[in-house]
Amino acid sequence: MINIDILKQSPHSKSQEDIIREYQADAEKGLTSEEAVLRLDALGRNTISHEEKQSLWVIFLSQFNNALVYMLIIAAGLSFFFKEWLDGSAILVVILINAIIGFYMEYQAERSMEALKKLSMLPAKVIRNGITTEINAEELVPGDLLFLEAGDMVPADGRIFRPSQLQVDEAALTGESIPVEKKKAKVDEGTTLAERTNMLYKGTFVTKGNTRCIITGTGMLTELGKIASLVQSAEQAATPLEKKLEQFSKKLIKITVVLVVIIFLVGILNGQKFVEMLVTSIALAVAAIPEGLPIVATLALAQGMLKMAKHNVIVKKLSAVETLGGTNVICTDKTGTLTQNKIEVNLILTPSGKYDVSNSKKADTNEESFQQIIWASVLCNTASLGKEGKETGDPLEVGLLKFVQQQGSNIESLRRDNPLVKEEPFSSDTKIMATMHRTKDGQRVYAKGASEELINRCNRITDQSGEHEFNANLKATWLSESEKLAASGLRVIAAGSKISADENNLSTDLVFLGLMGMIDPPREEVFTAVQECKSAGIKVVMITGDHPSTAQNIARKLGIIEDDKQAVMNGKDMSDYQHLTEEEKDRWINTAVFARVNPKQKLDLVSVLQDRKYIVGMTGDGVNDAPALKKSDIGIAMGLRGTQVAQEVADMVLKDDSFSSIVLAVRQGRIIFDNIRKFVIFLLSCNMSELFVIALASVLNLHFQLFPLQILYINIITDVLPALALGVTAGSASIMKQPPRNTEEPIIDHKRWTAMIYYSVVITITTLSAVFISHYTTHKTETWNPELCNNILFFTLIISQLFHVFNMSSSGSGNFFKNEVFTNKYVWYATVVSFVLLFLSYQVTIVRKALDIYPMTAEDWLIVFGMSFVSLVLIQISKTFKIVSQ
């Protein structure tokens with residue numbers, strides 16, 4: 001077992017041999033699986049320690065730690081003091097029930113958040129038992145042999161072995177914005193962190209090259225962990241939605257306190273008992289203030305995010321859900337997101353002929369340029385076709401290898417007989433890749449890339465008459481051919497070659513070999529998704545590195561543009577953001593397709609859109625896309641082909657890389673916010689109706705009034721299950737036909753405040769009317785029966801509120817019996833359970849006594865249900881004729 005003291009020393013000042021010996025590591029085969037398990041048990045997981053999780057008991061006891069519960073306890077104490085034993089006991093039971101409900105919701109919210117964290121775990125490529133495998137980065141241990149390449153986050157501290165053109169961005173740790181070149185040689189022990197060129201540190205990321213490294217520190221023993229241990233753990237910042245709910249609750253508390261004080265004073269002036277009015281006021285305050293709103297909202301957000309995860313969308317931040325609902329521009333990559341990312345070579349065009357190789361056709365030719373294109377496709381290529389159909393590498397390069405196989409060439413033997421000498425990797429700036437190989441004819445260079453870029457780097461061409469100058473006229477002709485192929489929907493690249501021993505200029509003075517036309521079919525579901533975006537007021541912008549004609553053809557097929565008259569903006573025509581005129585910004589805003597765009601221009605496009613107050617969603621997969629993803633309002637990383645860096649800075653990750661998943665996420669984001677708004681409106685309109693009923697009964701000095709325990713019981717019956725059921729509503733059919741929501745608008749705007757007050761007034765009037773109708777039509781007595789009147793008031797208010805849940809459908813959601821609330825099975829479950837609890841309150845003796853419930857005639861029950869139904873009908877009529885809307 002490794003000596004734990006070694007982990008506290010300075011690995012940067014040791015030789016590689018010392019590292020291998022002291023960490024009991026193996027630079028070739030890595031640790032054994034058994035040794036890794038032992039070290040994980042002894043040294044712990046590779047995580048930065050946070051505050052300890054609250055125990056279940058702490059969560060439960062915290063439900064009693066608020067001012068409203070203290071007030072209820074005082075009310076119970078007063079009841080016991082005046083020997084109202086049943087009332088006092090009942091209040092304590094209510095406190096316990098509320099605590100259990102609060103505990104359950106908070107526990108569920110915490111479990112949901114834990115599940116979301118597990119979905120976004122960072123993977124690491126580790127070599128154990130001589131085999132490279134991908135594991136959860138939390139399972140890394142000191143001594144592990146790790147493989148990292150461009151785009152990977154560094155998951156733990158490690159000493160570098162075998163670096164190849166390695167550069168690392170250490171800005172997160174040192175503040176240095178320029179990537180650092182890394183080497184394997186040891187450095188002095190006193191070397192500062194920023195100058196330890198032989199080390200990799202947790203939290204940084206690889207921008208270029210690749211390396212192996214031996215892990216020297218994990219968890220709190222990393223440099224990042226040491227910094228974290230010096231800083232007190234900060235609470236997670238509240239999301240904008242939580243802040244809005246908190247502000248909203250504070251306003252509501254102030255309004256409620258004023259109304260409760262008025263009701264209390266009016267009751268005293270009307271001769272009511274002081275203690276009775278005090279307990280009533282406390283009960284009313286508890287019932288009226290929806291203290292659990294933030295936790296219910298968090299639960300709805302987390303559950304919605306888990307639902308998205310089932311549809312291949314991992315949302316990493318709660319705040320992103322709210323922003324999704326307001327997104328009005330989606331900037332998306334073409335390859336793999338709008339298309340299937342299954343690239344096939346369809347056509348080869350050489351100076352000597354045109355060859356149709358679609359549908360796996362084999363070209364019957366021995367032409368030299370065609371054969372050289374086959375060699376270029378294999379040798380200037382980093383992809384591989386593994387056993388059992390396992391493909392690794394860029395889909396375009398995989399497509400080239402499949403084309404070579406179809407032509408009958410052996411990929412392995414070509415690579416074995418022509419070993420790699422030097423490589424110039426593809427970059428978004430040059431748009432060309434070049435490799436040098438040792439062949440039987442000497443050192444030979446092969447290159448492939450964007451046709452316009454590679455053609456301009458060629459100065460010779462070979463056809464039937466031999467090799468000769470590739471002059472400007474010939475270049476123009478071939479560029480025109482490339483345009484024609486691109487306009488037909490093919491993705492076009494060019495290939496070149498030369499015999500040269502110059503390792504410094506691989507991609508210049510090439511001999512032009514020809515063009516390769518490839519097809520990447522659009523995803524079938526994308527056209528419908530684009531149309532859904534348009535109906536939802538969301539603009540779709542396609543961004544690609546492809547040729548403008550190819551981009552235009554795909555955009556037209558997908559419905560992003562209507563016809564070929566709509567201009568495509570070429571990256572070479574885009575000025576730097578700092579030099580853009582307002583007229584140029586207008587052109588950018590009005591363009592739906594951008595071609596030959598580099599990552600810097602993506603970032604500029606986001607800035608231009610945000611300047612005009614658009615809420616921008618941006619997709620990306622590479623290291624260079626990270627700035628644009630971070631700058632956008634919603635950064636969307638690709639899960640299949642995206643780098644870890646892109647996934648780390650993004651707000652959400654698409655596990656299937658599909659555009660339709662983005663649209664699903666926007667739809668779900670709208671639904672989640674709409675559901676939160678639904679249960680806020682429901683809770684408040686119910687609570688306000690209670691306030692209005694009690695206030696009117698007090699102010700008018702009526703012969704009847706609700707009792708404190710009845711108020712609390714109404715709160716338990718109507719505020720919990722129906723509200724939670726509304727939180728999982730599937731969403732209105734019209735939700736994607738509405739314009740994007742302004743993210744600055746409050747949860748409850750003026751229109752919805754008006755609707756809430758209207759709903760409360762209707763429920764109040766019908767509830768009070770039920771009492772008067774019973775007294776003047778059914779019983780027709782001169783003296784009032786306070787007990788009966790109280791019971792009719794109590795039951796009518798509860799049933800009206802239970803019926804009221806069906807008023808929560810969105811305006812414009814159509815047929816009452818087919819809207820999203822009526823068809824929500826959870827609303828029906830909640831309603832049925834609430835009615836069962838109501839029935840039990842009438843049948844169970846001890847509950848009946850506690851709630852002061854007395855037997856009622858069939859006529860009275862008919863009035864209760866009738867007037868409750870009237871409140872539902874009146875509100876539905878008002879919504880139908882747009883007197884109110886939500």
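**Notebook: strands and helices**

Helices (H or I, at least four residues) and strands (E, at least two) are DSSP runs, numbered from the N terminus. Two strands pair if DSSP finds at least two bridges between them.

I noted the basis of the entries: this is a predicted model, where local features need pLDDT of at least 70, side-chain atom pairs count only at pLDDT 80 or more, and totals for chains, interfaces and linings use all residues. Residues are numbered from 1 along each chain as its sequence is written, and side-chain values use heavy atoms, with hydrogens and water left out.

**Strand 19**

Strand 19 (residues 491–499) is mostly covered, with eight of its nine residues buried (under 20% relative accessible area; exposed is over 50%, partly exposed in between; 1.4 Å probe, protein chains only).

I then traced an open sheet of eight strands, in the order 8-26-25-24-9-21-23-22, with mixed pairing. Which strands stand at the edges? They are strand 8 (313–315) and strand 22 (569–570); each has a single partner strand, so one side of each is left without a neighbour in the sheet. Strand 25 (residues 634–638) and strand 26 (residues 652–654) run parallel and are joined by three bridges. I found Met638 opposite Leu654 of strand 26.

**Helix 11**

I saw that helix 11 lies across strand 8, strand 25 and strand 26, at about 105° to strand 25. Axes are lines fitted to C-alpha atoms, for helices over the stretch in contact, and angles run from 0 to 180 degrees between N-to-C directions. Helix 11 (residues 318–326) is mostly covered, with seven of its nine residues buried. Among them are Leu318, Val321 and Glu322.

**Helices 27 and 28**

I looked up helix 27 (residues 786–804) and helix 28 (residues 825–843), which pack at about 170° with their axes 11 Å apart. That makes helix 27 roughly antiparallel to helix 28 (angles over 145 degrees count as such). The contact (heavy atoms within 4.5 Å) includes Phe795 and Leu802 of helix 27 and Phe835 and Tyr842 of helix 28.

Terms used: Parallel < 35°, antiparallel > 145°, perpendicular 65-115°, else oblique.
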